[in-house]
Amino acid sequence: MTQSLKMALKSLSGNKLRALLTMLGIIIGVMALVVLVSLVSGATGSITSAVSDLGSDLLTVTVSDDKGDPVKLDTLTEWSDEDGIGEIAPSASTSATAKYSSTSDSMTVYGTTPSYYNVEELNLLLGRFLMTTDVDNNNYVCVINETTATDLVGYLDCVGEEISIDGMKFTIIGVLEDNDSSLTAAFSSGSMVAYIPYTTLLRLSSSVSTDITEFYVSAEEDSDTTAAETAITTLLMERFDDDEDAFEVSSQNVLEDTVSSITSILTALLGGIAAISLLVGGIGIMNIMLVTVTERTREIGIRKAIGATRGVILRQFLIEAVVICMIGCSIGIFLSWIILQLVSVVTASMGLSFVMNGMVVLIAIVFCFLIGVVFGLYPANKAAKMKPIDALHYGG
């Protein structure tokens with residue numbers, strides 16, 4: 001075995017350029033496999049983390065058919081006392097024109113209750129959020145985000161100022177931090193947003209009804225989303241005559257599973273493309289090995305004439321094919337590591353980091369070894385079956 005390995009390395013060193021060109025297919029295939037799959041894995045991790053930050057314990061309930069028994073604010077208050085349920089907050093929105101002094105712009109206005117702050121995991125910079133008295137008394141107060149404070153009012157510390165929303169005066173009672181910690185914030189990032197009491201929104205917009213068709217549910221403290229989902233689903237089934245089509249309960253976990261499923265499919269597709277590149281490289285190795293066998297026909301005849309068995313010849317050329325594959329694999333892995341380091345440096349400002357996937361590297365090594373064996377077997381077997389007299393005659 002050692003002697004065969006030395007002969008294989010000697011043969012490759014005698015034709016360096018041809019050996020490098022032969023390995024090129026393997027090198028490119030390994031780089032494609034390792035780099036692409038590692039990039040997808042890194043991106044998947046970042047996306048999954050971002051989705052998790054939106055609140056994995058948040059449930060969104062949408063009512064499509066209330067069966068003549070609509071959900072009201074009082075209903076949500078009653079349900080929030082059920083086991084497994086943490087807090088419940090209704091949500092309705094409308095587009096409006098906001099104005100302060102001589103500045104005006106479009107704004108998204110959300111009508112909700114105090115529970116919304118904890119359910120959506122919002123962060124206050126200044127002032128306070130909505131209170132129960134604001135909802136009960138239909139107060140014309142609003143909590144705005146940073147973007148609204150800076151772009152509309154002109155400065156951040158604007159608690160106590162009055163803005164006009166569709167012609168109605170609202171007093172600013174709080175300023176929220178702009179972040180992506182909630183699903184609503186993620187979709188409204190960079191836009192003007194105001195939160196007002198749900199009852200006040202009913203007066204502001206004729207399109208909003210007292211019948212609540214969408215609300216958010218958080219899991220009870222020290223409990224999981226599954227318990228909350230079971231509890232709220234049971235309540236909805238009882239209210240809507242066991243018609244599961246009358247409502248929909250969705251969670252962030254569903255979104256995470258969807259992202260994971262999509263990226264898994266993408267990883268498989270990219271891995272399959274890279275595998276095809278490796279197979280093409282294997283065909284190139286078989287072609288070169290057939291040329292090598294032809295060039296060394298006389299050598300094969302001499303070795304057989306002095307006692308080399310068929311197994312020895314087979315092993316010699318098979319090891320040479322495997323060595324070509326494994327050297328190409330090593331070069332491909334090294335270049336992949338360099339590429340991933342460069343990509344990580346470029347994307348560092350975006351908070352993305354890409355590392356070499358150990359499992360993919362292992363798969364690449366095993367796959368390259370198998371390619372060397374499979375595509376080297378035919379040329380090696382052809383060399384091993386040569387008759388000494390024919391081989392010597394060909395060389396003469």
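Asp69 is partly exposed, with a relative accessible area of 32%; here buried means under 20% relative accessible area, exposed over 50%, and partly exposed in between, judged with a 1.4 Å probe and protein chains only. The structure is a predicted model, in which local features need pLDDT of at least 70 and side-chain atom pairs count only at pLDDT 80 or more, while totals for chains, interfaces and linings use all residues. Residues are numbered from 1 along each chain as its sequence is written, and side-chain values use heavy atoms, with hydrogens and water left out.

The side chain of Asp69 meets that of Arg239 in a salt bridge, with 3.1 Å from N to O. The term stands for a side-chain nitrogen of Lys or Arg within 4 Å of a carboxyl oxygen of Asp or Glu, and by this rule the count is 5 salt bridges. Asp69 sits in the loop between β1 (58-63) and α3 (73-79) and Arg239 in helix α9 (residues 225-239), so this pair ties together parts that are 170 residues apart in sequence. Helices (H or I, at least four residues) and strands (E, at least two) are DSSP runs, numbered from the N terminus.

A salt bridge also joins the side chains of Asp211 and Lys72, at 2.5 Å from N to O. This pair links distant parts of the chain, 139 residues apart: Asp211 lies in the loop between α8 (198-204) and β10 (214-219), and Lys72 in the loop between β1 and α3. Asp211 counts as partly exposed at 26% relative accessibility, and Lys72 is partly exposed as well, with a relative accessible area of 31%.

In the salt bridge of Asp134 with Arg128, the closest N and O atoms are 2.9 Å apart. Asp134 is buried, with a relative accessible area of 2%, whereas Arg128 is partly exposed at 30%.

Turning to the chain as a whole, its secondary structure comes to 14 helices and 11 strands. Of the 396 residues in the chain, 44% are buried. Contact means heavy atoms within 4.5 Å; among contacts between residues at least 6 apart in sequence, 78% join residues at least 24 apart. The chain exposes about 19,300 Å², of which carbon and sulfur atoms supply 58%. Accessible areas come from the Shrake-Rupley method with a 1.4 Å probe, and for residues only the protein chains shown count as cover.

An α-helix has 3.6 residues a turn, so residues three or four places apart point the same way. Gly154 follows α6 and has a positive phi, near 110°.

Positive phi values also occur in residues other than glycine. Glu121 has a phi of about 55° and is found in the loop between α4 (115-119) and β5 (124-127), where Glu121 is partly exposed, with a relative accessible area of 37%. For Asn138, phi is near 55°. Asn138 belongs to the loop between α5 (132-136) and β6 (141-145) and counts as buried at 19% relative accessibility.

Two kinds of surface patch can be described. Patches are made of residues with over 30% relative accessible area and no salt bridge, like charges being joined within 9 Å and nonpolar side chains (Val, Leu, Ile, Met, Phe, Trp, Tyr) within 5 Å. Lys and Arg count as positive and Asp and Glu as negative, without His and the chain ends, and the place of a charge is taken as NZ of Lys, CZ of Arg, CG of Asp or CD of Glu. A negative patch includes Asp74, Glu78, Glu220, Glu238 and Asp242. Asp242 lies in the loop between α9 and β11 (247-251) and counts as exposed at 58% relative accessibility.

A nonpolar surface patch of about 660 Å² is made by Met359, Leu362, Ile363, Val366, Phe369, Leu370 and Val374. Met359 is found in helix α13 (residues 358-384) and is exposed, with a relative accessible area of 53%. Val312, in helix α12 (residues 310-347), counts as partly exposed at 22% relative accessibility. The C-alpha atoms of Val312 and Ala384 are separated by 8.0 Å, although these residues are 72 apart along the chain.
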